[in-house]
Amino acid sequence: MKYLCLIYDDEQQWQKFPKEVQDKYMGEYMAFTESIKKNGQYVGSNQLQPSHTATIVRARNGKVSTTDGPFVETKEQLGGYYLIEAKDLNDAIQVASRIPSARSGSIEVRPVVERPQA
Amino acid sequence: MPDDIATHVRDQVDAIYRSDSRRVLATLIRLLGDFDLAEEALHDAFATAVEQWVEKGIPANPRTWLISTGRFKAIDRLRRTAKFESTDTAALDRFETQSVQTPDYDDNVEDDRLRLIFTCCHPALSPDAQIALTLREVCGLTTEEVAHAFLTPPSTLAQRIVRAKGKIRDARIPYEIPSRAALPTRLDSVLHVIYLVFNEGYFASTGTSLTRADLTGEAIRLGRLLTELLPEPEATGLLALMLLHEARRASRTTPAGEMILLDDQDRSLWDRALIEEGVDLVEHALASRRFGPYTLQAAIAAVHAEATSASATDWPQIVGLYDVLLRADPSPVIELNRAAAIAMRDGPAMGLALIDAILVRGDLVDYHLAHAARGDLLRRLGRGDDAIAAYERALELVTQETERSFIARRLKELRPTLPR
């Protein structure tokens, strides 16, 4: 079963880190990604540009509206994700707990809807 | 006499339902992989038992019979729906292959009960849902009974249970006993659910009755089941804590339902058998050297339970236990309780200084018991005006009817003594 692990963290804090701290963090991310690739749980992942680059799009009655940014100011922003393969929720939680940002921010674990292959 | 036989069988089925339906359900959930399907299978199995046992007699091992009948009924049900709807037949395939191997019903039955407890108390479910699901599935209470116990509309509670089962299914919360590594945190979550059920029964948060024996009874039953299945020191400590509190239930309210504080309780009403059992369990848990906050709270309750009066209580030992508890599980409420124990050991002024320090820090300012405790110490120091102000604040914050009338009584006692 697939789970999407959404990574929420304080991006302002991240930008304030000195380069060597950022490098160390990226190193931990690389090591984590490597480890789940090795055991076959990795499906995909991406880091996102900071939330100020976000755009909200809505289509209502044939009219498209475009607005800037996320809806609310929160301390933690969506910064990236991993799509993983896990046996069950306990397994997924175990993987999510090893994502480096789990220690500073939080990880939302969402099961992916599985459709029967027709 | 067929009627006699029918009555006899029905009585037997009822008795087996009471003693074994939760075990059967726990195993059916494992075999069928779905709570709702297992519940339907459970009811089908018992309905079939009533019909068939009249003719064929009660089987040698009724539980195994019920599990295997429930499982076949569930497969039948799935086959029938599969015929009409072209739904996913993967579940059906799974059961059919499963039937090739002989499922070991009986060996796993106690493990299945633990699986059920750990699944109902999974931390990925909201605490409210954990409590509702545990009382419903593990204790076998009806939705209406759980709703009544928590003064919640049955529809709200039913929805909570449906949502929790949906999450178990859709997020695939596994039906398993946690691994050794995960056990401490997962056990915490189970103990917390039991503790919350007990606490609601011991000190109802709302309503007119201070205690609810139905809830303390269920919590103790759960505690006994858990320690029997998994004798971890903190599980033992929690059971001891509940028994020691339960032992005092009869003395905590007047026949009219008014609250009586520990100091004024008639200790001859305390249940000695429960105290003895509780003290034994505490000693057992302490000896393990792997105990935690529940065992420490139980140890404090044991010191109270063994004292012949409030003044004869070993207060230095209680303060010492609170010191350890505060290190193990720091919280303002424990600090407050420690302050009350210090007041008994070193006098009200010492206790008051500690409570004031907590409040100045901004903690517990909206907690009625902090103000009531303050009021009590001020009263004992002869500071009537300040005591009244503290009790008045407590009265504004209290939500429980019995406590409200207790504080109101204290206020009434204080007011006439004031020089006007």
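This is a predicted model: local features need pLDDT of at least 70, side-chain atom pairs count only at pLDDT 80 or more; totals for chains, interfaces and linings use all residues.
Start at Gly362(B), a residue with a positive phi, near 100 degrees, that follows helix H16(B).

Take H16(B) itself. This helix runs over residues 348–360 of chain B, 13 residues in total. From its first C-alpha to its last, H16(B) reaches 18 Å, close to the 18 Å expected at 1.5 Å a residue. Which of its residues are buried? Gly351(B), Leu352(B), Ile355(B) and Ile358(B) are. These four cover an arc of only 120 degrees around the axis, so they lie on the same side of H16(B). Turn to the other side of H16(B), and Ala349(B), Ala357(B) and Val360(B) are exposed. What do the buried residues pack against? Their partners are helix H15 (332–346) and H17 of chain B.

H19(B) spans residues 401–414 and has 14 residues. H19(B) reaches 20 Å between its first and last C-alpha, close to the 20 Å expected at 1.5 Å a residue. In H19(B), the residues Thr402(B), Phe406(B), Ile407(B) and Arg410(B) are buried. They sit on the same side of H19(B), because their arc around the axis is only 135 degrees. The cover over these buried residues includes helix H17 (368–380) and helix H18 (384–397) of chain B.

Now look at how two helices of chain B cross. H6(B) covers residues 127–138, and H9(B) covers residues 183–202. They pack at an angle of about 85 degrees, with their axes 10 Å apart. H6(B) and H9(B) are therefore roughly perpendicular to each other. Where do they meet? H6(B) brings Gln130(B), Ile131(B), Thr134(B) and Leu135(B). H9(B) brings Val193(B), Leu196(B) and Val197(B). Sorted by class, this contact has five nonpolar residues, two polar residues and no charged ones.

Next comes chain A. This chain has three helices and six strands. Along the sequence they follow the pattern β-α-α-β-β-β-β-α-β. The C-alpha atoms fill a box of roughly 50 × 45 × 20 Å, taken along the principal axes. Of the 118 residues in chain A, 15% are buried. Consider the contacts in chain A between residues at least 6 apart in sequence: 77% of them join residues at least 24 apart.

Finally, the two chains touch. Chain A gives six residues to the contact, and chain B gives seven. On the side of chain A that touches chain B, four residues are nonpolar, one is polar and one is charged.

How values were computed. Residues are numbered from 1 along each chain as its sequence is written. Chains are lettered from A and ligands numbered from 1 in the order in which they are written. A residue is buried if 20 or more other C-beta atoms lie within 10 Å of its own, exposed if 12 or fewer, and partly exposed in between; C-beta atoms are placed from the backbone. Two residues are in contact if their C-beta atoms, placed from the backbone, lie within 7 Å. Ala, Val, Leu, Ile, Met, Phe, Trp, Tyr, Cys and Pro count as nonpolar, Asp, Glu, Lys and Arg as charged, and the others, Gly among them, as polar. The expected span of a helix is 1.5 Å times one less than its number of residues. The arc is that of the directions from the helix axis to the C-beta atoms. Axes are lines fitted to C-alpha atoms, for helices over the stretch in contact, and angles run from 0 to 180 degrees between N-to-C directions. Angles under 35 degrees count as roughly parallel, over 145 as roughly antiparallel, 65 to 115 as roughly perpendicular and the rest as oblique.
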